[in-house]
Amino acid sequence: MRNKITVIGIGPGNESDMTSRAIEALKTADIIVGYTCYIPFIFHLLKDNAEIVKNGMKQERNRIEKALEIAESGRDVCVISSGDSGIYGMAPLVYEMLRERGLEAEVEVIPGISAFQKAASLLGAPVGHDFCVISLSDLMTPWSVIEKRIKAAADADFVTAVYNPKSTGRYWELYRLKELFLQVRDSKTPVGYVRQAGRDGEQVKVTTLGDFDPEDVDMFTVVIIGNSQSYKCQKQIITPRGYYSGTADNDTAPGQSIMIESFHTIEKELVNPNIPLGLKWPLLHAIHTTADFEMEKILMADNDAVERIFTSLTEGRVRTIVTDVTMAASGIRKGALSRLGIEVKCYLNNPETSVLAQEKGITRTQAGIRLAAKEHPDALYVFGNAPTALMELCSLIRHNKVSPCGIIAAPVGFVHVCESKHMVKPFSNIPKIIVEGRKGGSNLAATLVNSILCWPDAELLKPGRDV
């Protein structure tokens, strides 16, 4: 047996999505073997005297057996397969059945555009980075295996295309996939799905993982779930490859690249990655600075605290940050302060501070806060060392002598530390970020400020522009 079997990927079904090699092969074919529903897609390309052998769904083996019989009789034959014949298509079956029968034949596989590629093109650029394709059909693959693959894809942050998402008899599998992805992916992860890609009745929709409704999907639909870097842009999904960084020279500084990679690593190791972005953003900064994943339990932020403080510092009249100690001030990125026109002040070493502390019998950090409150009552107040300073601020707030645009409460230590943090919580009208318990520190307080100053970068999870 030396005749030729040509396996042709005919794409999604429209001639405009077929390769020129596929069209050429179809036009010169004497015998075509294919699924009944796919023949109309290529019928207009065939010779008038071409012989057509067709049958229905779930009769793939019968089709290939017929093709092998034709080849054994001394004639060349073409087998058509939707999409790409090597991706959930007929090419593997041709090779398997040739091997099973111990037959020899020349086989040519002509690639085609797969359904997920067509769907991706209609959705924008969702597979711009590493991706995988999973079929939810358990006709030939046990569900236990499919579920392992789903978990692996979700954990590894692959962009994931889903074939055979539903059928008349399979209604729950897509719900399970969504459940598994939500265990490790943000609910805002973009999801796109395309019905009848490249065919009549084509429908394209974009939503989020949290809002995705499996009931809106059928067996003719391809679903594509973005990764942690994917984002919606108007009606499209974009997954950046990394060529464009948003800077003028399209280059990301090495320090920022390392920080971005670190943030993605931290996010994958969070116990609950689906927390609101306004909490996740400072949390990622805190863990990046401390390598302490307990921060996930002890870092708290008021609703929209980061966004509200950022707005006050950039759109309002507030242009001052006050810190309790100089070490906290030194950790706030100078590039960000310069970019936003914000000044950092620490009154600890002010000569008036020592005089006031001696006169009133209070700590220098307390005295510093009293002086700061007179000059900058609406500043962002940041505490990374001195609980007495935070307690002083609370007293001033209660006496209406200061009205901060925000508070970072992260003093560290063993005396009055926990109490000082409890004291600040009742001020519900002031946005706050608090590190609960004994932990804290100037470096941690500074990094929480840095998270606020780069809040516009949170959506793309792209920290470190000022590194």
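Which handedness, left or right, does the crossing of α9 and α18 have? In this predicted model, the crossing of α9 and α18 is right-handed.

**Helix packing**

Two packed helices are described by the angle between their axes and the distance between the axes. Helix α9, which covers residues 277-290, packs against helix α18, covering residues 442-453, at an angle of about 145°, and the two axes are 9 Å apart. On the α9 side the contact is made by Trp281, Pro282, His285, Ala286, Thr289 and Thr290, and these meet Asn443, Leu444, Thr447, Leu448 and Ser451 of α18. Sorted by class, the contact of α9 with α18 holds 5 nonpolar and 6 polar residues, with no charged residues.

A second pair is formed by helix α3 (residues 60-72) and helix α4 (residues 91-101), whose axes come within 10 Å and cross at roughly 65°. The crossing of α3 and α4 is right-handed. Here α3 contributes Glu60, Arg61, Ile64, Glu65 and Leu68, while α4 contributes Leu93, Val94, Met97, Leu98, Glu100 and Arg101. The residues of this contact of α3 with α4 divide into 6 nonpolar and 5 charged, with no polar residues.

| α9 and α18 | about 145° | 9 Å | 5 nonpolar, 6 polar, no charged |

The model has a count of 24 salt bridges. One of them joins the side chains of Lys118 and Asp17, with a distance of 3.0 Å from N to O. This pair links distant parts of the chain, since Lys118 belongs to helix α5 (residues 115-123) and Asp17 to the loop between β1 (4-9) and α1 (20-28), 101 residues apart.

Asp466, in turn, lies in the segment after α18. Between Asp466 and Ser338 there are 128 residues of sequence separation, yet their C-alpha atoms are 9.8 Å apart in space. When neighbours within four places in sequence are left aside, Asp466 is in contact with Arg333, Gly335, Ala336 and Arg339.

Rolling a probe the size of a water molecule over the atoms shows where empty space is left. With a cut-off of 30 Å³ or more, the count comes to 1 cavity, and the largest cavity has a volume of about 30 Å³. The lining of the largest cavity is made by Val322, Thr323, Asp324, Cys346, Tyr347, Leu348, Arg364, Thr365, Gly368 and Ile369. Both β15 (320-323) and α15 (364-375) supply at least two residues each to the lining of the largest cavity, and α15 gives the most, with 4 residues. By class, the residues of this lining divide into 5 nonpolar, 3 polar and 2 charged.

Conventions. Residues numbered from 1 in each chain as written. Predicted model: local features only at pLDDT ≥ 70, side-chain atom pairs only at ≥ 80, totals over all residues. Heavy atoms only, no water. 1 Å grid on protein atoms, 1.4 Å probe; cavity = no way out; pocket = protein on both sides within 12 Å on 5 of 7 lines; lining within 4 Å. Points joined across faces, edges and corners; volume = space filled by probe spheres on them. Nonpolar A, V, L, I, M, F, W, Y, C, P; charged D, E, K, R; others polar. Axes fitted to C-alpha atoms, helices over the stretch in contact; angles between N-to-C directions. Left-handed = near helix turned anticlockwise from the far one by under 90°. Contact = heavy atoms within 4.5 Å. Salt bridge = Lys/Arg side-chain N within 4 Å of Asp/Glu carboxyl O.
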